[in-house]
Amino acid sequence: MNDDIRKTLAEEIVNIAPEADVAAADPDADLRESFDLDSMDFLNLIIALHKRLGIDIPEADYARLSSLNAAITYLTERRKPG
Amino acid sequence: MPSLGADMEAGTLVEWLKKPGDAVSRGEIIAVVETQKGAIEIEVFENGIIGEILVQPGTKVPVGQPLAQITVVGETGKAPAPAAVAPARTAIMEGTRAPGPPVAPAAPAVTAGVRRLASPAARKLAAERGIDLASLSGSGPGGAVISTDIAAVSKRPPASRKPGLDLAEMRKAIGAAMARSKREIPHYYLGTSIDLSRTMAFLERTNADRPPDRRVMIGAVLIKTVALALRRASAFNGFFRDGAFVPSKAIHVGVAIALRGGGLVAPAIHDADGLSLDDLMAATRDLVERSRAGRLRGSEMMDPTITLTSLGDRGVDSVVGVIFPPQVAIVGFGRPAVRPWVVGGRVEPRQILQASLAADHRVSDGHAGALFLADIDRMLQEPDKL
């Protein structure tokens, strides 16, 4: 489950930032700084994750996707039924 | 060859998307030109029929040189007066740079038919991967090379940067435009702090029930605010050319977009004052995508009547811009940040935005600039009216 989210997240980051080396990045570092995502890039990432994983990500929760690890934790939580 | 920026001297015709005899309508994309700022799609500014192609792909020509002849619709007779494709527009934009009648290039003409048939996608891919189209056999209609033909001969991943964008060249172009700006334009600078709390609350309400792809970002609100404020501040919207300021009735906001890996473009959102926040959001997204893919249009490069620069929600508190000639003003927004703010005699946490204006003293004074910034502030206190 978790792997699936991790893989999707990595793929969508590369779609937005083609030069990103997700595997080599510090999973606890600031996500947007690590991959140089501006606010439009970040919104596009949220859109892509919403579409591919079917997870609703309200704007108020954006801060919870602060690093790769935080994002995986959050997305895994949100996907749990109920 | 249209002038696609203040310091563009020449461009390379990369591809014709139309051939002699094709009917074209105003605004249609007819060719791709490579400039220091990457590949730009060139639109036609007349309704008509393409006549003779005067410049073949791969040829670098100076600004002002006709690229093709076009017979304007509505003209009758057997000897239609040819109109130059792009320079007509250039003449309007540049004022003094009126081109003469189209002249065929002195270089020996290359027969258009010799050119390899290929789909635009294949052409792009081939250029990216450095593959000579002539060396391939095409499997498309009429033997045209299509993208799968390219993929078949190359397993190399596409270059991360689009073809034609040479960062060193772009840096030169930016440097030349900014040096000219600092040399010629007597800038003055103003700054103000704007309480953005009401606007942020408005966005929170607006976006709460929306799926991510329909959410509005603060950037769209700022573009709209600047555009609306310009309706009453004509001294900041237009061009300074040949010693005089020509205000523009239309409000085309140039939006500074950083390119991944370096470099900067500031293409126009046309008639931004008349667009809804949703329209502006869509327009911004489209511009960012096409800026990075190298598919901006000539009009987007030529038309901005003012520029807006914002370094987004990360980074710095304030930004003060350098005017992009021949424009006369640039508005800068820093990062909104929560600050202690005095409201009604009490200190409260508020979202504060640093706004700046750099403007041309040949055209306006600080007083007018202050009113313009105050107007932007006032509108951001009533976001429901935007």
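Guide: In this predicted model, α1(A) and α4(A) cross in a right-handed way; a crossing is right-handed if the near helix is turned clockwise from the far one by less than a right angle, and left-handed if anticlockwise. Helices are DSSP runs of H or I with at least four residues, numbered from the N terminus. Residues are numbered from 1 along each chain as its sequence is written, and chains are lettered from A in the order in which they are written. As the model is predicted, local features need pLDDT of at least 70, side-chain atom pairs count only at pLDDT 80 or more, and totals for chains, interfaces and linings use all residues.

Helix α1 covers residues 2-16 of chain A and α4 covers residues 68-79 of chain A; their axes are 10 Å apart, at an angle of about 125°. Axes are lines fitted to C-alpha atoms over the stretch in contact, and angles run from 0 to 180 degrees between N-to-C directions. Asn2(A), Ile5(A), Arg6(A) and Leu9(A) of α1(A) meet Ala71(A), Ile72(A), Leu75(A) and Thr76(A) of α4(A), contact meaning C-beta atoms, placed from the backbone, within 7 Å.

With α3(A), residues 39-53, the axes of α1(A) come within 10 Å and cross at roughly 140°. These two helices are therefore oblique to each other, and the crossing is right-handed. Among the residues making this contact are Ile5(A) and Leu9(A) of α1(A), and Leu45(A) and Leu49(A) of α3(A).

Technical notes. Two residues are in contact if their C-beta atoms, placed from the backbone, lie within 7 Å. Angles under 35 degrees count as roughly parallel, over 145 as roughly antiparallel, 65 to 115 as roughly perpendicular and the rest as oblique.
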